[in-house]
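I opened the notebook to record what I looked up, entry by entry.

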Amino acid sequence: MSLSRVENPCFLLFLAVFQAIFILILYRGGASSVFRGFLEAPQPWDYSKTQDVYTNLSLFTRAPNEETMPYCTAQSPIFVGPLTITFNIFPSERMIIQKNPFVRFGGHYSPPHCLARYKSAIIVPHKNQEKHLRHLLYYLHPFLQRQQLHYTIYLIHQAGNAAFNRAKLLNIGVREAMKDEDWDCLLLHDVDLIPENDYNLYVCDDYYPKHIASAIDKFQYSLPYWSFFGGVSALTPEHYMRINGFPNTYWGSHAEDDDIAARPVPLHTRKTWKDDGMNSVEFRVLSRQKHLLYTNITVDIGNAPTLPPQAHRK
């Protein structure tokens, strides 16, 4: 017995696909835009034409009624792409404060005109790197505001004379930041990296850790090796706790990036990752201060373990 056209599975499938395409056409603004989107490859950015990071930021003004504020648009209306980055002028803290009037004590910001869709904690470990910090704050605050994010910048400062331990500071930063809010995303950020394109979104992927700094100038804007995960990375709190954070045992090196990129794949990591990380970090908070542009947390993380003397035979 033959099926009618309406009952035929092939016809029903065709009808469903046709309806989906029709809805897409309406959503994208007409058939020409749909097919243009299908056929055209994305164009490379022209970094010979850059815009100031503060361009059009003044368009974001305070809403007259905060109780009826809409959600922010899925894509910011003031994106420009490539940004002008220069270190010829050393910005004063007063200059940065004046150019970012909606940033509140603690380096906290919420869009004044809409309800943010994402909440991101920016965690920056450092040790006596004030010059880098000043440049970072000058560019990072407006960069994040352009993306209409709700965010706070945390500076995790290592006190003492021990070798720098970036990984341990990141674990501490995550622990301290999570005391303040239920963040959607944790941005683990080197102090000496400045984002160059405002389309590089500082938000997390729901399913996988995300490498934000995959193109850096000192590496000719390509990965130095395939598993490189350093510079700036984004993980949800769930991702971070699932891998037990960073290892605490790397002093004075960036090998922790390779470790966390592979957790729990490599042999040495598989043996230690459950015992070396967020669940074993030891530290003492010396001070926690809210400044106008950031929250500064100074910590004592102890000293690197002394290695036993190596035996020699002549």
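**Disulfides.** Counting bonded cysteines along the protein chain, I find that the disulfides follow the pattern 1-2, 3-4. I worked on a predicted model, where local features need pLDDT of at least 70 and side-chain atom pairs count only at pLDDT 80 or more, while totals for chains, interfaces and linings use all residues. Residues are numbered from 1 along each chain as its sequence is written, and side-chain values use heavy atoms, with hydrogens and water left out. I took a disulfide to be a pair of cysteine sulfur atoms within 2.5 Å, and by this rule I count two disulfides.

I looked up the link of Cys72 to Cys114, where the S to S distance is 2.0 Å. The torsion about the S-S bond of Cys72 and Cys114 is about 85°, so I noted this disulfide as right-handed. Cys72 is in the loop between α2 (31-39) and α3 (93-99) and Cys114 is in the loop between β1 (108-109) and β2 (119-126), so that the pair, 42 residues apart, links distant parts of the chain. For these element names I used DSSP runs numbered from the N terminus, with helices (H or I) of at least four residues and strands (E) of at least two. I noted both Cys72 and Cys114 as buried, where buried means under 20% relative accessible area, exposed over 50%, and partly exposed in between, with a 1.4 Å probe and protein chains only.

I then looked up the disulfide that joins Cys185 to Cys204, with an S to S distance of 2.1 Å. The link of Cys185 and Cys204 is right-handed, with 75° about the S-S bond. Because Cys185 lies in strand β4 (residues 185-189) and Cys204 in the loop between β4 and β5 (210-211), the pair ties together parts that are 19 residues apart in sequence. Cys185 is buried at a relative accessible area of 1%, and Cys204 is buried at 15%.

**Aromatic rings.** I let rings of Phe, Tyr and Trp (its six-membered ring) pair if their centres lie within 6.5 Å, calling planes under 30 degrees apart stacked, over 60 edge-to-face and the rest tilted. By this rule I count eight aromatic pairs. One of them is Tyr240 with Phe246, whose ring centres are 6.2 Å apart and whose planes are at 50°, so the pair is tilted. Tyr240 counts as buried at 0% relative accessibility, and Phe246 counts as buried at 1%. I also found that Trp45, Phe79 and Tyr199 form one aromatic cluster.

For a charge over a ring, I required NZ of Lys or CZ of Arg within 6 Å of the ring centre and within 35 degrees of the ring normal. The charged end of Lys99 sits over the ring of Tyr54, 4.5 Å from the ring centre.

**Second largest pocket.** On a 1 Å grid over the protein atoms alone, a pocket is an open set of points where a 1.4 Å probe fits, with protein on both sides within 12 Å along at least five of seven lines, and lining residues have an atom within 4 Å of a point. The second largest pocket holds about 170 Å³ of space. There are 14 residues that line this pocket, and the closest to its centre are Ala74, Gln75, Tyr118, Gln147 and Leu201. I sorted the lining of the second largest pocket by class into eight nonpolar, five polar and one charged residues.

**Positive phi.** I checked Asn128, a residue other than glycine with a positive phi near 55°. Asn128 is in the loop between β2 and α4 (130-146), and it is exposed, with a relative accessible area of 54%. I also noted Asn244, again a residue other than glycine, with a positive phi near 65°. Asn244 lies in the loop between α6 (237-242) and α7 (255-262), and it counts as buried at 7% relative accessibility.

Gly173 is in helix α5 (residues 166-177) and is buried, with a relative accessible area of 0%. Tyr151 is in strand β3 (residues 150-158) and counts as buried at 0% relative accessibility. Tyr151 and Ser120 are 31 residues apart in sequence, and I have their C-alpha atoms 4.9 Å apart in space.

Notes: Points joined across faces, edges and corners; volume = space filled by probe spheres on them. Nonpolar A, V, L, I, M, F, W, Y, C, P; charged D, E, K, R; others polar.
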